[in-house]
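Have the viewer open and follow along.

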Amino acid sequence: MKKLLTALLLTSSVLVSAQNLISNVPNRNTTSLNGVWNYIIDPYQTGFYSFHLDQYDKSEKPAKGAFFTNYHAQNKQELVEYDFDKSPTINIPGDWNSQVTELKYYEGNVWFKKSFDYNLAPKKRLFLYLGAINYKADVYLNGKKLGTHEGGFTPFNYEVTSIVKPTGNYLVIKVDNTRHKEDVPTVNTDWWNYGGITRDVTLIEEESSFVEDYNIQLKKGNANVVSGFIKINNLDASKNQVSISIPELKINYKGKADNNGILNFEIPAKKISYWSPENPKLYIVIVDFNGKKLNDQIGFRTIETKEDKILLNGKPVFLRGISIHEENAKGGRANSQEDALRLLNWAKELGCNYVRLAHYPHNENMVREADKLGLMVWEEIPVYWTVEFKNENTYKNAQDQLTAAITRDKNRASIVIWSMANETPISDARNTFITNLASHTRSLDNTRLISAALLTKKETIDDPIGEVLDVVAFNQYLGWYGGNLEDAEKITWKSKYNKPVFVSEFGGDAKAGFHGEKNERWTEEYQEYLYIQNLKMIEKIPHLSGTSPWILVDFRSPKRLLPGIQDGYNRKGLISNDGEKKKAFYIMQNWYAKRKTNIKNYFHTTLICRDALQCVYATMVTIR
């Protein structure tokens, strides 16, 4: 456990400029800075550099032209060429692409400013927590630089106790979503590069010593022991009483942190009601440090593999899933609880017990709602396609993002798989890169499974990375990116590994409402037929333990340019971006229904009523 915690602390210190990441923010004493912010578009970085490219925030006394100083002219003659207070406004959290018409395709620098008052009580401490900013953020409070963060989908925080004042605070953030080949993700992706402050901005008030982080889960290999650690920030040795209580389990454990502020513990537990899709039981867990209580809602379950089976709470489980992008109903970055429920309830309606959150850590609302709904989760970092596998800084960036994701979500029962990558081309450098990520993940969390979405273009699962994965997952697109759908039933897959196999992606595009023959690309009928034929093939794959077709909902992508059909959207969704279910939705729904009930059956034609006014005949598929 000490090794696990040490790894967490070392990597987190790099991640957020020597500020360890605070966990369980939703249940702390917080003040939201969400709402209306002013913004300035700055493509030439006028507010960051002088005309000789001297960086303003490296000067002892920054020039008036440095935007982060929020300077205002002192008289009518003084030259100041910006003014946040007279600049337009935007809603935060939110991306600029979907809120400002002229910024739809913009990639570059935008400055944001929020003014606020805060009366911090004596002996209290204050932290600024940023849920995610895409991609690079330079953060300033009252003209002082707090730090720089890279990575568009992970949280970070800074202590601002000595900077905040009762009135007139101004938080300025420079956001740059420019893509670079050495970044994670790299320049080429198949989703929209939403720029901005895309998740919550929060102030956290704490005591001088407080519970910074903890891990409370079942001990690996023993489902009757709750184990983990508590980490105290700024431990006062004279006041060192930590307790963990789980009232429903009649647990009331007391202990003391060591000189490093760490308490490792193992607590025997009886009659645990284990979390599962059928029983998403969450326990109220209370961590008490010197009378200051921090609550959480935690489920307890085991997830492991045995040969080619995935075992949830010791029993084989088939993961009926769907892939999901973090996009809201309006085509912008999703960030609210309502956005999460909309997507996850559609997955439940499809018959899923699992969701793959692609291709990056999603908003914390997603995993917390998945906990409540009983949906298992695959969480991924954006090591996507062709990142620079030989670049040490690229690896460090990926590892930092992985650390942040695990730190934030390690107490969520719903997360059963940490994914290292998606569709990365095989090379020695790539193999080393992903192997090291897997090893790092196990050092932080040995209770969950590790996978990656591999790219297989032949009917043999033999990617060398399979050696280090618990679940061997692969993407294949028979009938869309090659292959003949008519031959689906004849295709036989082989796996080199006696491990659980996932089809992490399959599918094809259809524009909702566009109809034709089953051999006409882009029609709902073609997508429907593609699903029917792919499922005939998939059901014969050896060691099959789960699927997550691509994808739940159509999503924006600049790569998708066909007029009248794509119009800037990837149309592989089973549901359109307007919320209309396509014919293939019902194929997958029925397949999952029969998989759930474990009835051996066959393809047949049945009458389905989508609503009271529309009944359609659809060819359905079921399997044993």
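The largest cavity is lined by Asn134, Tyr135, Phe153, Asn177, Thr178, Arg179, Asp183, Pro185, Thr186, Thr189, Trp191 and Asn193. A cavity here is a set of points, on a 1 Å grid over the protein atoms alone, where a 1.4 Å probe fits but cannot get out, and lining residues have an atom within 4 Å of a point. The space in this largest cavity comes to about 120 Å³, a volume being the space filled by probe spheres set on the points, with grid points joined across faces, edges and corners. Sorted by class, its lining has 4 nonpolar, 6 polar and 2 charged residues. For that sorting, Ala, Val, Leu, Ile, Met, Phe, Trp, Tyr, Cys and Pro count as nonpolar, Asp, Glu, Lys and Arg as charged, and the others, Gly among them, as polar.

Before going further: this is a predicted model, so to speak of local features we need pLDDT of at least 70, and side-chain atom pairs count only at pLDDT 80 or more, while totals for chains, interfaces and linings use all residues. Residues are numbered from 1 along each chain as its sequence is written, and side-chain values use heavy atoms, with hydrogens and water left out.

A search of the whole structure turns up 7 cavities of 30 Å³ or more.

Now for the helices, which are DSSP runs (H or I, at least four residues) numbered from the N terminus, just as strands are (E, at least two). Find helix 4 (residues 392-409) and helix 5 (residues 428-444): their axes come within 10 Å and cross at roughly 30°. Axes are lines fitted to C-alpha atoms, for helices over the stretch in contact, and angles run from 0 to 180 degrees between N-to-C directions. The contact (heavy atoms within 4.5 Å) involves, among others, Tyr395, Leu402 and Ile406 of helix 4 and Phe433, Leu437 and Leu444 of helix 5. Its residues divide into 7 nonpolar, 6 polar and no charged.

Next come helix 6 (residues 524-538) and helix 7 (residues 583-597), packed at an angle of about 25° with axes 7 Å apart. Helix 6 is therefore roughly parallel to helix 7. Among the residues in contact are Glu524, Tyr531 and Leu535 of helix 6 and Lys583, Ile587 and Trp591 of helix 7. This contact has 7 nonpolar, 1 polar and 4 charged residues. Helix 7 also meets helix 2 (residues 337-350), where the axes come within 8 Å and cross at roughly 65°. Trp346, Glu349 and Leu350 of helix 2 touch Phe585, Met588, Gln589 and Tyr592 of helix 7 there.

Finally, the backbone. Most residues other than glycine have a negative phi, and most peptide bonds are trans. Ile92 and Pro93 are joined by a cis peptide bond, with omega about 5°, and Pro93 sits in the loop between strand 3 (89-92) and strand 4 (109-116). The bond from Ala358 to His359 is cis too, with omega near -15°. Lys123, not a glycine, has a positive phi of about 65°.

Methods. 1 Å grid on protein atoms, 1.4 Å probe; cavity = no way out; pocket = protein on both sides within 12 Å on 5 of 7 lines; lining within 4 Å. Parallel < 35°, antiparallel > 145°, perpendicular 65-115°, else oblique.
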